[in-house]
Structures are given as C-alpha cells and as structure tokens.
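Take a look at the sequence and the fold that follow.

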Amino acid sequence: MSRKIILDCDPGHDDAVALLLAQANPSVELLAVTTVAGNQSLPKVTHNALGIAEVAGITAPIAAGAAGPLVRAARFAGEIHGASGLDGVSLPEPSVALDPRHAVDLIVELVMSHEPGEITLVPTGPLTNIALAVRREPRIVDRVREVVLMGGAARTGNRTPVAEFNILFDPEAADVVFSAGWRVTMAGLDVTHQAVATPDVARRVAAIGGRKADFVVELLEAFGRAYRDVQGFDAPPVHDPVAVAVVIAPELFEIVPAPIAVELTGTHTTGMTVVDLRPWVPRDVPTRVVLGLDRGRFWDLVVDAVR
Ligand SMILES: [Ca+2]
C-alpha cells in the first residue's frame, strides 16, 4: 500500500529531485506540494515548484505558504541555489496553475479529511508552514502518521558549525514541530552528507535520456559546481530526496530514536538540533534521527524514478 504524503518544500535543486522521486515512486502517493520561503523567496520557490511539476508530471495541487520565518528575518541560500533558487537549470514555463488555497489551509484540510495515520508530512525546507498548521489546527498532531523531514544535524552543521540551513532559517518553527509530540524522523546532514551524487550517478541518469533525465543531469551539474565552490565537496550532497526515500524504504537507513531539542537562544548555537545520543538516555521518545544509509540503493531509487 502506498503512503500518502504532502511534500512541503523550497525548490531548490535537491527539492527538485525529492519531487521527482515522490511523483514517480509507486510506494508513495503525492497528495499535495506546498511551498515555503527558504532557499529563495516564496514567489521564486513557488515558480520553481510549478516548473518542476511540469517536468515531473505532477498533477497534485501546488499551494504557496509562508513568505518568511515566524520570528526572524529571512536569509536565503543564494550562494548555493543562486538568485533564482534553481540557477543553472532550464525550467519550462509552467502550465499548471497554482492552487488558490494557502499552503497551511491545504495541509490542515487534507490531514483532517483523511483517516488518522494516513498522511505523512515530508518537509524539505524551513518548518514555517508545518508549525503554522499545528497552531491553526492542533488536532493534526494526532492525525498525521509521521513527519519525516530534511533538516538539522546531530553532529556538524552547514550554515554554522552546528546549525543546518532549514532549521536555522526558522528555529522557532522547528521547535514547534520537534516538540509537538507526533513522531518526527529527522534526516539531517548526518545522513544527507553521505547521499553524494558522484559522477557515476550523473552518468546513469544521462544514459536514460529524455527531458526528465536531461533536467536532472543539468541540476546535478549546477549543484555540484555550487557545492565544490562554496563548501569544497568533490560531489554534491543531495539532501532532500533522502527524506522521501526514508518514507519509501526505511530499511535502507540507520534510524535511531533520540530526544531532539532545537536551540533558540545560544550565543554560538542558535538553530542547532541538540540530539541526545547518550547511550543511557531513555529511547521511548517520538523523535528519531537518521544516521546512515545504503548509498547504492538510495541512488537506485532516484535513478528508477527518473527512468
Ligand atoms: Ca529544500
């Protein structure tokens, strides 16, 4: 039986791969795509989502959400994703129309109109929309099956020594989501930095041919350049599809229950996800951290999705 998901994203090169995977893999059913400011401004990431939907053949509703963090000023990720949020990639003009509903309303509507435990939320951007949905309709906490998110880090950050971009962009929203009491599975940098797209991945995708494959090859090249220039990676870590893959095939991942708190007031640690991995700490908590993956089989999922 396929798992119903709502993908909340800020495309973004790696969000694009997450969307392709979610649309094509038969183990998940994409109910809606919602957008949030993060990698770039809300109009830009929403435009990108519509263009990606065109390439990926997504027919689910696409709705725009929060234009900025709950409390703080927005700081986009232009150095990685460029001025458009998807630099270096040729995007078709979208023919699908944006859904008129606000993303937060759409999330609440879908979760409340499905059976409890049916819908999994998969956020791959800042957690603003998800936090707002919890505030707007607290009953979604008991109805959502699980939140599987890309964000955070148990060990090393990227925006700061300890903070990952999505969480640092809106730490107050992340705090709401991590402390709500529903099951949260955090696929952060600990695992996504292992999900690197080495040249053999690009070669496999290129060999498929066609519009979708060309799009992904272009996207991996642009992402590769940015990660080489800015963070010194030989091959780019493709973060966001990891969260989708955790829903599709959890057996490919090392997932450990652990208490997770979001640092809001640290002098040097704001936006850090504090993951308690001390062995004697009780593990009967609703939060889990993903620490490892079967890299080969992860890329098999992505390559199959493109095919
Ligand atoms: Ca993202």
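**A walk through the model**

L20 sits in helix 1, which covers residues 13–24. Helices (H or I, at least four residues) and strands (E, at least two) are DSSP runs, numbered from the N terminus. This is a predicted model, in which local features need pLDDT of at least 70, side-chain atom pairs count only at pLDDT 80 or more, and totals for chains, interfaces and linings use all residues. Residues are numbered from 1 along each chain as its sequence is written, and side-chain values use heavy atoms, with hydrogens and water left out.

Is L20 buried or exposed? L20 counts as buried because its relative accessibility is 4%. Buried means under 20% relative accessible area, exposed over 50%, and partly exposed in between (1.4 Å probe, protein chains only). Leaving aside neighbours within four places in sequence, L20 is in contact with A56, K212, F215, V216 and A305. Contact means heavy atoms within 4.5 Å. Now compare sequence with space. L20 and V302 are 282 residues apart in sequence, yet their C-alpha atoms are 8.1 Å apart.

A cis peptide bond joins P11 and G12, with omega about -10°. Most peptide bonds are trans.

Next, the metal. Which residues coordinate the calcium ion? They are D10, D15, T124 and D240, at 2.2 to 2.6 Å. Donors are N, O and S atoms within 2.8 Å of the metal (3.2 Å for Na, K and Ca); water is not among the atoms, so sites may look incomplete. Along the sequence, the donor residues are spaced D-x4-D-x108-T-x115-D. T124 and D240 link distant parts of the chain, 116 residues apart. T124 is in the loop between strand 4 (119–123) and helix 5 (128–136), while D240 is in helix 12 (residues 240–248). Both T124 and D240 are buried.

Now the pockets. On a 1 Å grid over the protein atoms alone, a pocket is an open set of points where a 1.4 Å probe fits, with protein on both sides within 12 Å along at least five of seven lines; lining residues have an atom within 4 Å of a point. The largest pocket holds about 210 Å³ of space. Its lining has 22 residues, and N39, H81, N158, F165 and Y227 lie nearest its centre. Helix 11 gives the most to this lining, with four residues. The second largest pocket holds about 180 Å³. It is lined by 14 residues, of which A197, P199, A202, L220 and P236 lie nearest the centre. Helix 11 again gives the most to the lining, here with six residues.

Finish with helix 2 (residues 42–56). At 1.5 Å a residue, its 15 residues should span 21 Å, and its end C-alpha atoms are 20 Å apart, which agrees. The expected span is 1.5 Å times one less than the number of residues. Eleven of the 15 residues are buried, so helix 2 is largely enclosed by the rest of the structure. Among them are L42, V45, L50 and A56. The cover over the buried residues includes helix 1, strand 2 (28–35), strand 3 (62–64) and helix 11. After helix 2 comes G57, whose phi is positive, near 75°.

Conventions: Points joined across faces, edges and corners; volume = space filled by probe spheres on them.
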